[in-house]
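User: I would like to learn how to read the features of a model like this one. Please take me through it.

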Amino acid sequence: MRDAPLIRTDGADDPVHHKLKAAVEKRQSAYLWTPADTIRFTPRLLPIFYGDGRALFRITTINQRPAYWVIRACSTWGCGLDGHDASGPDFGEITDDIMTDLEDAFGRGRCGYSGSSLFHPRKERIQWCQCEECSDRHVARWPEVDDNGGCSWSRMDWPSGFATVKNPLSWQGNLLPEALAARAALQKEEEGR
Ligand SMILES: [Zn+2]
C-alpha cells in the first residue's frame with residue numbers, strides 16, 4: 001500500500017553512499033541468454049537513497065538488461081512474495097518513481113515527443129521522428145534510461161566490506177545494521193551544525 005510520499009536523501013554527503021558507489025560501480029561482463037551476447041558495462045548507483053537506506057535492490061530495463069542500476073532503499077520495502085510482512089510499499093509499486101529518478105540522474109534515452117529511441121544513430125531515428133531530441137547529434141548510451149517495455153528488479157546483498165544483518169523479510173538482500181545507519185545520520189547532523 002502506497003500511503004506516504006517517498007523520502008529521498010541526496011547521497012552526496014553520505015559516507016556510506018560514497019563507499020557503496022566505489023564498491024558497485026566496477027566494470028563487469030555479463031550476458032542475458034548466451035555467452036555470445038556478453039556485454040561490458042559498469043553498474044551505476046542512483047545518487048539518492050530512499051528511506052533509511054539500509055536495503056539494496058538491482059533494477060534493469062527489458063531493453064538494457066543485463067546492465068543494471070543499484071538502488072539504495074528503505075528496509076521497510078517489500079519485494080514481491082516477501083512483501084506480506086513489509087511495513088513499507090512493495091518495490092514494484094514504485095518503479096515508475098524510481099525510473100523517473102534514474103532519468104533525472106542519468107538522462108532519458110527516449111525522446112519526449114514520440115518516444116523514439118535515442119540509442120539509435122541520428123540518421124536512422126530521424127526517419128521516424130524529427131523532434132529536437134531526435135535531430136540532435138547526441139546518441140544515447142548506458143547509463144541513460146530506456147524503460148520502454150518495462151523493467152525488472154530484485155533484492156541485492158551489500159558488497160563485501162559492509163557490516164550487515166539478516167533481512168527479516170527475505171533470505172535475499174541483507175541489510176545495513178540499524179546502528180550504522182543511525183550513526184551515519186547522526187554524523188551528518190553534527191556536520192550540519
Ligand atoms: Zn523524437
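Analyst: Begin with a loop: P143 lies between α4 (132–135) and β8. Helices (H or I, at least four residues) and strands (E, at least two) are DSSP runs, numbered from the N terminus. Residue numbers start from 1 along each chain as its sequence is written. The model is predicted, so local features need pLDDT of at least 70 and side-chain atom pairs count only at pLDDT 80 or more, while totals for chains, interfaces and linings use all residues.

User: Is the peptide bond from W142 to P143 cis or trans?

Analyst: That bond is cis, with omega near 10 degrees. The bond from R65 to P66 is also cis, with omega near 10 degrees, and P66 sits in the loop between β6 and β7.

User: How many residues does helix α2 have, and how far does it reach?

Analyst: The expected span of a helix is 1.5 Å times one less than its number of residues. Helix α2 (residues 95–106) has 12 residues and reaches 16 Å from first C-alpha to last, close to the 16 Å expected. After α2 comes G107, with a positive phi near 100 degrees.

User: Which residues of α2 are buried?

Analyst: A residue is buried if 20 or more other C-beta atoms lie within 10 Å of its own, exposed if 12 or fewer, and partly exposed in between, with C-beta atoms placed from the backbone. In α2 the buried ones are I98, D101 and L102. Viewed down the axis of α2, they fall within an arc of 100 degrees (taken over directions from the helix axis to the C-beta atoms), so they line one face of the helix. In general, an α-helix has 3.6 residues a turn, so residues three or four places apart point the same way.

User: What covers that face?

Analyst: The cover of the buried residues includes β5 (48–50), β6 (55–61) and β7 (69–73). Contact here means C-beta atoms, placed from the backbone, within 7 Å. Leaving aside neighbours within four places in sequence, L46 is in contact with residues including W69, D101 and L102.

User: How many residues does the largest nonpolar core have?

Analyst: In soluble globular proteins, nonpolar side chains tend to be buried together. A nonpolar core is a set of buried Ala, Val, Leu, Ile, Met, Phe, Trp, Tyr and Cys residues joined through C-beta atoms within 7 Å. Here the largest has 28 residues, and L46, F57 and I59 are among those with the most contacts inside it. Elements giving two or more residues to this core include α1 (15–24), α2 and β8 (151–156).

Key:
Contact = placed C-beta atoms within 7 Å.
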